[in-house]
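Trainee: Could you help me learn to read burial, contacts and surface charge from a model?
Mentor: Gladly; let us look at it together.

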Amino acid sequence: MAAGGSSPSIVEYFGGEDGYRCGYCKNETGNLSHGMWAHSMTVQDYQDLIDRGWRRSGKYIYKPIMNQTCCPQYTIRCQALCFQTSKSHKKVLKKMLKFISKGDVSKVASEEEPMDSHTEDVVACDFAYKSESHVSQSELTPLRVDHTEGVENEDKDTGETKEEVNVQKVELGSLPTCADKDTPVPGEPSRSAKIVHAPPKPGKGADLSKPPCRKAKDIRKERKLQKLLQNQMCTFEGSPLEAGNEVFLLQNSKSKTNQPKTIEDFVFVSLPDDAPHKLEVRVVRSSPPSSQFKATFQESYQVYKRYQMVIHKDPPDKPTINQFTRFLCDSPLEAENAPNGPECGYGSFHQQYWLDGKIIAVGVIDILPYCVSSVYLYYDPDYSFLSLGVYSALREIAFTRQLHEKAPDLCFYYMGFYIHSCPKMRYKGQYRPSDLLCPETYVWTPIEQCLPLLEHSKYCRFNQDVKAVDEGRVKELGRVRVLHKRTVMPYSVYKKRRKGPSDEASVQQYASLVGQTCSERMLLFRS
């Protein structure tokens, strides 16, 4: 998808930040990252950045220094179209369905369920406070493009129309899934595990004069097959069925009854008219804020405040409206619409979960050209028993599959970072099939190939081709685009005009981290 319909991305690069407290291992200075402030950003630029290991918190965009930070954070994506629900995922989906349709409540947390909050980068909200830019807007507005010294003419960017996103009730039909049904799921016992039975005690055991006991499941299957055979008799005009036909019908019956259920089979089922609860998912644009977002802002904020205080033990004065806005509402992403894109458009959104007329959870997401990127989740602690972290992740995967129908390129679900060195953060690896991003060559590698490597070393290069390099690396530093004194120019021109000490090392570092493509599209602000 081209980014030509929106204004160019404008960023300030801060370089490597000083070490700060790690939210995973609690090391006071062990978490290291590169950072930049994004005054504006196209969805294509951000898509390319997260495919190079970047991540946003509000308008602050950061990239962990993987070989130095205490807990390396690997970008993880789930192949949404091929997603297979695990046993623990099905438990969560069934629990929600049972609660909505029958009102049944099970407040005992299952030990098999992964950590409830699925996209929490617990230190992310601190970034926005220490790195916010104070550059005036007039300095950031490019007035002209410098044509001197052989600079090529730049295309004029046209303003985009920003349409308000309608409140949607997500409705899905059947969607394609992958054929591989035998991929092992984390947390599930191996199907090949042998069950060892103790020998029966004397005086007890099967009565050899009677036929062996049979499982009720096997009896039901046989009855079903007999019924199927009876129904098929008319097609054979009364002639006896041959053994081959009988086997065919048995296989055909199994293929239909043993089809694994998709997310949609659990989520989008017809409910009885007298169902005690009603759950509705609404997608509202958060930046720029739509009228629906503004109308529900206070209610959404109150859910966030309670969540932070109860789940994360924040003092009452910490989750302020200002902090909430800067962390989860402000976004550098420009709203974009494309003919072959989703109806809601691209950009930043809040996916609100309404239960019986009130918000109980909000998933903060970015809709990008190739993915739905999950930013954060918060929910009403009173509904923790519904495992809303897991449930919302599954709904976001289903949402990705829905968007794919209109936008064919959009087929991945990004869950943020996978931290193998922190055991409680490994739950993201249970959403299969998924891939991890190689921190050196930026190629995607199936997580099954990465896990053995991470068991030996917390920092790994996943690409096993020793000759492979970063294909997006900077080849011409002079072509990096710079915004200086309200004028856009290549770095080669800026370098000659700059007064004072050289900043080439900083620009080189920035370009190597964002890659050649983004460095030639985005504008690097220089004062």
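Trainee: Is R77 buried or exposed?
Mentor: Keep in mind that this is a predicted model. The general idea is that a residue counts as buried when its relative accessible area is under 20%. R77 has a relative accessible area of 13%, so R77 is buried.

Trainee: Where is R77 found, and which residues does R77 touch?
Mentor: R77 is part of strand β5, which covers residues 74–79. Leaving aside residues up to four places away in sequence, R77 touches F412, Y413 and Y414, then P433, S434 and D435, and also W444.

Trainee: How do contacts in the protein as a whole divide by separation?
Mentor: Take the contacts with a separation of 6 or more: residues 24 or more positions apart account for 73% of them. As for burial, 50% of the protein's 527 residues count as buried.

Trainee: Now the surface, please. Which residues gather in a patch of positive charge?
Mentor: Here the general idea is that Lys and Arg count as positive. In this protein K215, K217, R220 and K221 form such a patch on the surface. One of them, K217, has its place in helix α5, residues 216–232.

Trainee: Why is K217 called partly exposed?
Mentor: Because its relative accessible area is 48%, and partly exposed lies between the buried limit of 20% and the exposed limit of 50%.

Trainee: And how many helices and strands does the protein have?
Mentor: There are 14 helices and 16 strands. The accessible surface of the protein comes to about 26500 Å², with 51% belonging to carbon and sulfur atoms.

Technical notes
Residues numbered from 1 in each chain as written. Predicted model: local features only at pLDDT ≥ 70, side-chain atom pairs only at ≥ 80, totals over all residues. Heavy atoms only, no water. Patch = residues over 30% accessible without salt bridge, like charges linked within 9 Å, V, L, I, M, F, W, Y side chains within 5 Å. Areas by Shrake-Rupley, 256 points an atom, 1.4 Å probe, with all protein chains shown as cover. Salt bridge = Lys/Arg side-chain N within 4 Å of Asp/Glu carboxyl O. Charge placed at Lys NZ, Arg CZ, Asp CG, Glu CD. Helix = DSSP H or I, 4+ residues; strand = E, 2+ residues; numbered from the N terminus. Buried < 20%, exposed > 50% of the residue type's maximum accessible area, 1.4 Å probe, protein only. Contact = heavy atoms within 4.5 Å.
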